[in-house]
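Please look over the sequence and the structure below before reading on.

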Amino acid sequence: MQMTDNAGMKTFDLSAYPFHAAIRRLRLAANLTQTELAARAGVAIGTVNRIERGTARPTLPALAGLAAALGCELVVSLLGYRIVSSDR
């Protein structure tokens with residue numbers, strides 16, 4: 001769903017969509033083909049195709065390229081993980 005925030009910027013609430021569907025919706029909203037997105041993101045067209053079908057596990061560099069190409073911020077969270085020190 002496309003919305004406009006107080007600053008007039010386009011925003012999208014994609015929380016109800018799985019990752020692969022969100023990427024596709026963002027690409028379509030940007031009026032990009034898979035080929036154009038792949039070129040801008042620095043990944044192969046097959047990578048974009050597999051991501052949008054939900055059959056790929058993109059690498060962090062691929063995600064960073066996609067985020068930049070789509071004008072998004074990439075945020076990585078490790079919530080739920082706990083680091084235990086072996087120092088005693």
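**The chain as a whole**

The accessible surface of the protein chain comes to about 6,800 Å², and carbon and sulfur atoms account for 54% of it (areas come from the Shrake-Rupley method with a 1.4 Å probe, and for residues only the protein chains shown count as cover). This is a predicted model, in which local features need pLDDT of at least 70 and side-chain atom pairs count only at pLDDT 80 or more, while totals for chains, interfaces and linings use all residues. Residues are numbered from 1 along each chain as its sequence is written, and side-chain values use heavy atoms, with hydrogens and water left out.

**Fold and burial**

- The protein chain has 4 helices and 2 strands, where helices (H or I, at least four residues) and strands (E, at least two) are DSSP runs numbered from the N terminus.
- Along the sequence, these elements follow the pattern β-β-α-α-α-α.
- Of the 88 residues in the chain, 24% are buried, a word that stands for under 20% relative accessible area, with exposed over 50% and partly exposed in between (1.4 Å probe, protein chains only).
- Among the contacts in the chain with a separation of 6 or more, 36% are between residues 24 or more positions apart, contact meaning heavy atoms within 4.5 Å.

- Val48, leaving aside residues up to four places away in sequence, touches Gln34, Leu37, Ala38, Val43 and Leu66.

**Two buried polar residues**

- Gln34, in helix H2 (residues 34-41), is buried, with a relative accessible area of 19%.
- The side chain of Gln34 makes a polar contact of 3.2 Å with the side chain of Asn49, a polar contact being a pair of N or O atoms within 3.5 Å; within protein, one must be able to donate a hydrogen and the other to accept it, and residues adjacent in sequence count only if both atoms are side-chain atoms.
- Glu52, in helix H3, is buried, with a relative accessible area of 7%, and a polar contact of 2.5 Å joins its side chain to that of Arg27.
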